[in-house]
Amino acid sequence: MADDFKEVMARFPTGVAIATTCDEDGDPHGLTVSSFCSVSLEPPLVLICVAKSAKCFPVFARTGEFAVSMLRERHVELALRFANSKARKFGDGGFVRTSRGGVVVDNALATVECKVDRRHDAGDHVILVGEVVDQLLSDAGGPAVYFNRKFAALSSAQ
Ligand SMILES: Cc1cc2nc3c(=O)[nH]c(=O)nc-3n(C[C@H](O)[C@H](O)[C@H](O)COP(=O)(O)O)c2cc1C
């Protein structure tokens, strides 16, 4: 069932994003997510789903704020790094601190910064609903796309 379910969901193309948050010392944590979507316009709400098994889960489970950086097609290496629990995720640059103290991908397609509105327990994940309190729109360009367990480009979007 689980393998069939994965196979079924792999047929659904998604964008790719990096969700980040900071711990009590201000140190950043993050992971690659495809479970990012908008929920409400008024108020502006988005959600991400974070696996309870993720190393960064405890920080997301207690944080009051998180950010989501929407990745460009050239960000595949970054997406792979943030999908690897053993990687030195923030070691190689490419991130900027925001005025709110969050950490986001430098020159991502767009970023949102959120206050946690609600948490929902959902099987082996927790759904984090965030109210968007800041947003940044960078230069247009093609997004990173994930389909059938592979990264793809959507060149017609440029
Ligand atoms: C394209 C892609 C999308 C992903 N989406 C999610 C997601 O929405 N939620 C999640 O918990 N893990 C997702 N993952 C897996 C995590 O990024 C990965 O397990 C990560 O290493 C977990 O965080 P950790 O490094 O702190 O353990 C995704 C991985 C990839 C490659």
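## Basis of the model

Residues are numbered from 1 along each chain as its sequence is written. In this predicted model, local features need pLDDT of at least 70 and side-chain atom pairs count only at pLDDT 80 or more, whereas totals for chains, interfaces and linings use all residues; side-chain values use heavy atoms, with hydrogens and water left out.

## The nonpolar patch

M1, F5, V8, M9 and F12 make a nonpolar surface patch of about 620 Å². Patch residues have over 30% relative accessible area and no salt bridge, and nonpolar side chains are joined within 5 Å. A salt bridge is a side-chain nitrogen of Lys or Arg within 4 Å of a carboxyl oxygen of Asp or Glu. Areas follow the Shrake-Rupley method with a 1.4 Å probe.

M1 lies in the segment before α1 (2-9). Helices are DSSP runs of H or I of at least four residues, and strands are E runs of at least two. With a relative accessible area of 79%, M1 is exposed, the term for values over 50%.

## The largest pocket

The largest pocket has a volume of about 1,200 Å³. Of its 34 lining residues, T32, S34, S35, H125 and Y146 are the closest to its centre. A pocket is an open set of points on a 1 Å grid where a 1.4 Å probe fits, with protein on both sides within 12 Å along at least five of seven lines; lining residues have an atom within 4 Å of a point.

The largest share of the lining, four residues, comes from α1.

## Residue A122

A122 lies in strand β9 (residues 110-122). A122 and V50 are 72 residues apart in sequence and 9.6 Å apart in space, C-alpha to C-alpha.

Technical notes
Patches are made of residues with over 30% relative accessible area and no salt bridge: like charges are joined within 9 Å, nonpolar side chains (Val, Leu, Ile, Met, Phe, Trp, Tyr) within 5 Å. Buried means under 20% relative accessible area, exposed over 50%, partly exposed in between (1.4 Å probe, protein chains only). Grid points are joined across faces, edges and corners, and a volume is the space filled by probe spheres set on the points.
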